[in-house]
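The structure is shown first.

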Amino acid sequence: MNGADLLRVIAVFAVLYSHISFYLIDDIGGGWWVIDVVNTVLIEDAGLNLHLSFVGVSMFMLLTGLLITRSAMRHSRRDFMVARLARLVPALWFAVALAVILVKLGLNGMFSGQPGITNGEAVLSFFLGGFFLRPEVAVLGVTWTLVVQIVFYIYCVAMRGPLRTRPIVVPLVGAALCAVVIAYNLYLPQPYTIPFLTKVAGVLPTLFLGQIIYLGWAKLVGWRWVVVGVIAQIEVIRLSIDVHTFWMGDTYLWTLLVITGIVLILARYDGPITRWPVVHWIGTRSYAIYLIHTLVLYRIYATVEPHLGPSVAVLAFLAGTAALAEIMYRWIELPAARHISSTYARLRARSAA
């Protein structure tokens, strides 16, 4: 997958643009010439989601399904989960801690509308538990996507046997389970439902689409089963749209189709651009950028824009995000993952001796 970093770069910029556009248009009623261009070319003409919402998220999810499926098949359940959590958790905890501190100091607001966060809710946020409260408590809103990814990891681990012997069963059963979850939250009395799970069940099919693409490329399933698997995921997504899981309506399905096409074209692309240092830099730091950018966007923009205008304010935001992402990647994400992995390897070797 030589084009994986290039796809991460596209996804990163789509996510950054989406949050900038939401903030400028919906929150403060402002504008920016880049938003005008994007609205004309990609939204009005190409029919993608307003604000390019879910464009970056969908691309990240498809990549996760593509890249993680092979790892889940090749490694033991324990090795797989340790490797995944070693890479995700340290950076997540740092970002959540920073978000809690900023809220406690009154510098940032909550992403779920509350005026502040209690100590109990703060602790729960380190384990992504705030999304399951009613109402939701989100001190760092973007981390909801990690819930979806972790559910996918756990599901792949639980289904490792079929994934190695009858792999197409995994996304098909996954689609059925997602439909059941959506129906459960739709038809049961509200006190017994968990609304956030509908969102998880509505997004998981995107990861299963990535998984199906991998199974097809690896020739582990025939094209007829690929078609069946894709149709199953599309039907779950249509169900999610019908119950208003996604506010974008029918444009969501079209956007996902376009993003899937881009992933199919670029995932195995091996042109010169894939070897550009900036592509590698953004690709390897995409997780840190994703976690940290909303914590600095609004404060930097509000500080710079009145003096230097929106374009310079956006550039200042991008520079601040890049600097913090580099610190986070070099001093937290990478060393923590290496330390956890090496410690786990030593423990495993000691237990085997």
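R330 and E326 form a salt bridge with their closest N and O atoms 2.2 Å apart; the term stands for a side-chain nitrogen of Lys or Arg within 4 Å of a carboxyl oxygen of Asp or Glu. The two residues are 4 residues apart in helix α14, which means that about one helical turn separates them. Helices (H or I, at least four residues) and strands (E, at least two) are DSSP runs, numbered from the N terminus.

The model is predicted: local features need pLDDT of at least 70 and side-chain atom pairs count only at pLDDT 80 or more, while totals for chains, interfaces and linings use all residues. Residues are numbered from 1 along each chain as its sequence is written, and side-chain values use heavy atoms, with hydrogens and water left out.

E326 also meets R285 in a salt bridge. E326 lies in helix α14 (residues 310-352) and R285 in the loop between α12 (277-284) and α13 (286-308), so this pair ties together parts 41 residues apart in sequence. Through shared partners, salt bridges join R285, E326 and R330 into one network.

E326 is buried, at 18% relative accessible area, and R285 is buried too. Buried means under 20% relative accessible area, exposed over 50%, and partly exposed in between (1.4 Å probe, protein chains only).

The structure holds 7 salt bridges, including these:

| Pair | N to O distance |
|---|---|
| E326 and R285 | 2.5 Å |
| E235 and R238 | 3.6 Å |

E235 and R238 are 3 residues apart in helix α10 (residues 223-242), so about one helical turn separates them. E235 is partly exposed at 43% relative accessibility, and R238 is partly exposed at 42%.
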